[in-house]
Amino acid sequence: MLKFELLRDAGVLVVEPRDALTAEDFHAVAQTVDPFIQVNGKLTGLLVDVPSFPGWEGLAALIEHMRFVRDHHRKVDRVAIVTDSTILSIGPKVAEHFAHPEFKVFRSGERANALAWLSG
């Protein structure tokens with residue numbers, strides 16, 4: 001299950017993956033953010049609070065994740081990753097070569113700083 005919340009006033013989507021991601025997780029997020037993006041044109045930021053990446057439930061979930069990124073990456077200004085995982089800290093360095101948003105990694109416990117960076 002993917003826990004998520006759209007902070008409408010800030011234009012920031014907060015996601016907290018804790019279990020293997022499912023295709024339904026991405027459909028649920030899209031149902032929340034797509035109407036917001038239609039009205040506002042974009043998200044100011046995306047905060048991913050992920051102690052360790054839980055993986056995907058299966059191939060369908062991985063494909064849906066890639067579709068979601070493809071369809072939304074140009075509609076997000078900044079992405080903050082809150083993690084202590086070395087592997088997850090490297091991911092944004094690779095992603096910034098292929099995706100539109102600006103990426104920044106924050107250590108666990110720096111969630112408030114990440115939100116401030118996204119909103120600023």
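The model is a predicted one, in which local features need pLDDT of at least 70 and side-chain atom pairs count only at pLDDT 80 or more, while totals for chains, interfaces and linings use all residues. Residues are numbered from 1 along each chain as its sequence is written, and side-chain values use heavy atoms, with hydrogens and water left out.

Buried here means under 20% relative accessible area, exposed means over 50%, and partly exposed lies in between (1.4 Å probe, protein chains only). Leucine 46 is in contact (heavy atoms within 4.5 Å) with Leu13, Val15, Val76, Arg78, Val79, Ala80 and Leu118, leaving aside its neighbours within four places in sequence.

Helix H4 comes next, with Ala114, Trp117 and Leu118 as buried residues. Seen down the axis of H4, its buried residues fall within an arc of 100°, so they line one face of the helix; the arc is that of the directions from the helix axis to the C-beta atoms. The buried residues of H4 pack against E2, E3, E4 and E5.

Helix H2 (residues 59-72) holds histidine 72, which is buried at a relative accessible area of 9%. Histidine 72 touches Val33, Asp34 and Ile37, not counting residues up to four places away in sequence.

The structure holds three aromatic pairs. Phenylalanine 53 and tryptophan 56 form one that is edge-to-face, at 4.9 Å centre to centre and 70° between the planes. Rings of Phe, Tyr and Trp (its six-membered ring) pair if their centres lie within 6.5 Å, and planes under 30 degrees apart count as stacked, over 60 as edge-to-face and the rest as tilted. Phenylalanine 53 is partly exposed, with a relative accessible area of 34%, and tryptophan 56 is partly exposed, also at 34%. The rings of phenylalanine 106 and tryptophan 117 have their centres 6.0 Å apart and their planes at 55°, so this pair is tilted. The pair links distant parts of the chain, with phenylalanine 106 in strand E5 (residues 102-106) and tryptophan 117 in helix H4 (residues 111-119), 11 residues apart. Phenylalanine 106 is buried at 7%, and tryptophan 117 counts as buried at 14%.

Nine salt bridges are present, each a side-chain nitrogen of Lys or Arg within 4 Å of a carboxyl oxygen of Asp or Glu. Aspartate 49 and arginine 111 meet in one of them (2.8 Å, N to O), which joins strand E3 to helix H4 across 62 residues. Aspartate 49 is buried at 13%, whereas arginine 111 is partly exposed at 27%. Another salt bridge pairs arginine 18 with glutamate 16, the closest N and O atoms being 3.4 Å apart. Lys3, Glu16, Arg18, Asp49 and Arg111 are linked in a network of salt bridges. Within helix H2, arginine 67 and glutamate 64 lie three residues apart, about one turn of the helix, and their side chains form a salt bridge (3.3 Å, N to O). Arginine 67 is partly exposed at 40%, and glutamate 64 is buried at 15%.

Aspartate 84 sits in the loop between strand E4 (76-82) and helix H3 (86-95) and is partly exposed, with 38% relative accessibility. Its side chain makes polar contacts of 3.3 Å with that of arginine 107 and of 3.0 Å with that of serine 108. A polar contact is a pair of N or O atoms within 3.5 Å; within protein, one must be able to donate a hydrogen and the other to accept it, and residues adjacent in sequence count only if both atoms are side-chain atoms.

How values were computed: Helices (H or I, at least four residues) and strands (E, at least two) are DSSP runs, numbered from the N terminus.
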